[in-house]
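Let's take a look at this protein together. Have the structure open and follow along as we go from charged pairs to a space inside.

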Amino acid sequence: TENSAAGEFAAASRDYAAAAGIMEFLYKDHLPKWVSKGSNVQPQKLPSECHVAATKALHILFMANGQQMAVTTVLMKPGKPNYSLLAKLCLGIMDSLEDFMAIVRNEATEAKSRMDKDFFTLVALQI
């Protein structure tokens, strides 16, 4: 986000939380209703964000990114950080990123094939 690039990590964390909330609304509420109504559009012609599994995965990714911003905020504060808290946050981030990749591999394969390959390299480097 622009906030993370500007070094405003607390604001960036809120940005990611908002994005995660949108993805959660899409995969839990809006897309299932849309799919149940039926459509003449072929699923492979829709953007990745229009697939339930892909939005579920993106929700998890955005939550992990927000948590990364929280870790950065703690590390930027003067003084000795709470290393136990940081370890728990980092473990949660790693688990979330692994969950993201598992959902993409197992449930969102159709959407994955249309996503930029470098995106997955970036996610793999974060794990």
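## Salt bridges along a helix

In this predicted model, K28 pairs up with E24 in a salt bridge, and their closest N and O atoms sit 3.0 Å apart. Why are these two about one helical turn from each other? Because they are four residues apart in helix α2. K28 has a relative accessible area of 53%, so it counts as exposed, since the cut-off for that is over 50%. E24 comes in at 30%, which means partly exposed.

The count of salt bridges comes to two. D29 and K33 form one as well, with 3.0 Å from N to O. This pair also lies in helix α2, four residues apart, or about one turn of the helix. D29 is partly exposed at 27% relative accessibility, and K33 is partly exposed at 48%.

## A nonpolar patch on the surface

Now look for W34, V35 and V52: they make up a nonpolar surface patch, and together they have about 240 Å² of accessible area. V35 belongs to helix α2, which covers residues 9-37. With 55% relative accessibility, V35 counts as exposed.

## A cavity inside

How many cavities of 30 Å³ or more are there? The count is one, and the largest cavity holds about 30 Å³ of space. Its lining is made of A54, A57, L58, V104, A108, A111, K112 and M115. Helices α3 (52-76) and α5 (109-112) each give two or more residues to that lining, and α3 gives the most, with three.

What kinds of residues line the largest cavity? Seven are nonpolar, none are polar and one is charged.

Definitions and conventions:
Residues numbered from 1 in each chain as written. Predicted model: local features only at pLDDT ≥ 70, side-chain atom pairs only at ≥ 80, totals over all residues. Heavy atoms only, no water. 1 Å grid on protein atoms, 1.4 Å probe; cavity = no way out; pocket = protein on both sides within 12 Å on 5 of 7 lines; lining within 4 Å. Points joined across faces, edges and corners; volume = space filled by probe spheres on them. Nonpolar A, V, L, I, M, F, W, Y, C, P; charged D, E, K, R; others polar. Patch = residues over 30% accessible without salt bridge, like charges linked within 9 Å, V, L, I, M, F, W, Y side chains within 5 Å. Areas by Shrake-Rupley, 256 points an atom, 1.4 Å probe, with all protein chains shown as cover. Salt bridge = Lys/Arg side-chain N within 4 Å of Asp/Glu carboxyl O. Buried < 20%, exposed > 50% of the residue type's maximum accessible area, 1.4 Å probe, protein only.
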